Amino acid sequence: MNENKTRWVIVVGGGVLAGLLLVACLALILRFTAPTTGGGYRSNGEQIYFTATSQRGTPITSDASMGMMRSGMLTCATCHGADGRGGQVRVMMRVFEAPDIRYQTLTSEEHGEGGEEGMEHEPYTDEDIKRAITEGVEPDGEPLDWPMPRWTMSDEDLDDLIEFLKTLD
């Protein structure tokens, strides 16, 4: 009888150890492969770009002027992509070309000199980028294309977002 009890304790104890090891491995995998899990963004700006939420807990909203994604799933990355390079986006049975919003592209001298179709204006400054995000206007005051929502966020969150754009290459 003692021998059966010992075997049972070994089997149950081994099962518990294997379960704990499995949970620990899954936690490590999630920690290093999914930046959205557990708020693992490297910066507040990165979190804003991908989730339209702030680590500060301050509100970030958009007017969703294009009528798209009123469910709260609209983010910078929705249209401009994870790398900020933009590309074709389909919304409400329409297709538009989201521009490249990497900081180096927006602020380069070539940006306003026919570098991209329809991009004939002065290079953006940080203040111009802020106005584009919050007011939907280009450096010369002309309105951005219809899909660009007007975002409302704190000045600190806006600064963090611009700092994140500077990291995209």
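Predicted model: local features only at pLDDT ≥ 70, side-chain atom pairs only at ≥ 80, totals over all residues.
Let's start with helix 5. Its buried residues pack against helix 4, strand 4 and helix 6. Strand 4 here is residues 151-152. Which residues of helix 5 are buried? They are Asp128, Ile129, Lys130, Ala132 and Ile133.

Now a step back, for the overall layout. The protein chain has 6 helices and 4 strands. Read from the N terminus, the order is α-α-β-α-β-β-α-α-β-α. The chain has 169 residues, and 37% of them count as buried. Take the contacts with a separation of 6 or more. Of those, 44% are between residues 24 or more positions apart.

On to helix 6. This one covers residues 155-165. Its buried residues are Asp157, Leu158, Asp160, Leu161, Ile162, Phe164 and Leu165. An α-helix has 3.6 residues a turn, so residues three or four places apart point the same way. What do the buried residues of helix 6 pack against? Four helices: helix 2 at 44-51, helix 3 at 76-80, helix 4 at 103-106 and helix 5 at 126-135.

Helix 2 next. Helix 2 is mostly covered, with 6 of its 8 residues buried. Those are Asn44, Gly45, Glu46, Gln47, Ile48 and Tyr49. The cover over them includes helix 3 and helix 6.

Let's look at the rings. The count comes to 5 aromatic pairs. Take Tyr49 and Phe164. Their ring centres are 5.3 Å apart and their planes sit at 50 degrees, so this pair is tilted. Tyr49 is in helix 2 and Phe164 is in helix 6, so the pair ties together parts 115 residues apart in sequence. Are these two buried or exposed? Tyr49 is buried, at a relative accessible area of 0%. Phe164 is buried as well, at 7%.

Phe164 has another partner, Phe50. The centres of the Phe50 and Phe164 rings are 6.2 Å apart, with planes at 65 degrees, so that pair is edge-to-face. This pair also links distant parts of the chain: Phe50 in helix 2 and Phe164 in helix 6, 114 residues apart. Phe50 has 27% relative accessibility and counts as partly exposed.

Now follow the chain out of helix 2. Just after the helix, Ala52 takes a positive phi of about 55 degrees. Why point that out? Most residues other than glycine have a negative phi. Ala52 is a residue other than glycine, and its phi is positive. Where is Ala52? In the loop between helix 2 and strand 1, the strand at 61-62. Ala52 is buried, with a relative accessible area of 14%; the cut-off for buried is under 20%.

A probe the size of a water molecule, rolled over the atoms, shows where empty space is left. How many cavities of 30 Å³ or more does a search of the whole structure find? It finds 1. The largest cavity holds about 40 Å³ of space. Its lining is Ile48, Ala52, Ile60, Cys76, Trp151, Met153 and Leu161. By class, that lining has 7 nonpolar residues, no polar and no charged ones.

Last stop, the hairpin. Strand 2 is residues 87-91 and strand 3 is residues 94-98. The two run antiparallel, joined by 5 bridges. Gly87 stands opposite Ala98 in strand 3. Between the strands, 2 residues complete the hairpin. Met92 sits in that turn, with a positive phi of about 50 degrees.

Find the largest cavity, at about 40 Å³. And find the hairpin of strand 2 and strand 3.

Note on methods
Residues numbered from 1 in each chain as written. Heavy atoms only, no water. Buried < 20%, exposed > 50% of the residue type's maximum accessible area, 1.4 Å probe, protein only. Contact = heavy atoms within 4.5 Å. Pairing = 2+ DSSP bridges. 1 Å grid on protein atoms, 1.4 Å probe; cavity = no way out; pocket = protein on both sides within 12 Å on 5 of 7 lines; lining within 4 Å. Points joined across faces, edges and corners; volume = space filled by probe spheres on them. Nonpolar A, V, L, I, M, F, W, Y, C, P; charged D, E, K, R; others polar. Phe/Tyr/Trp six-rings, centres within 6.5 Å; stacked < 30°, edge-to-face > 60°.
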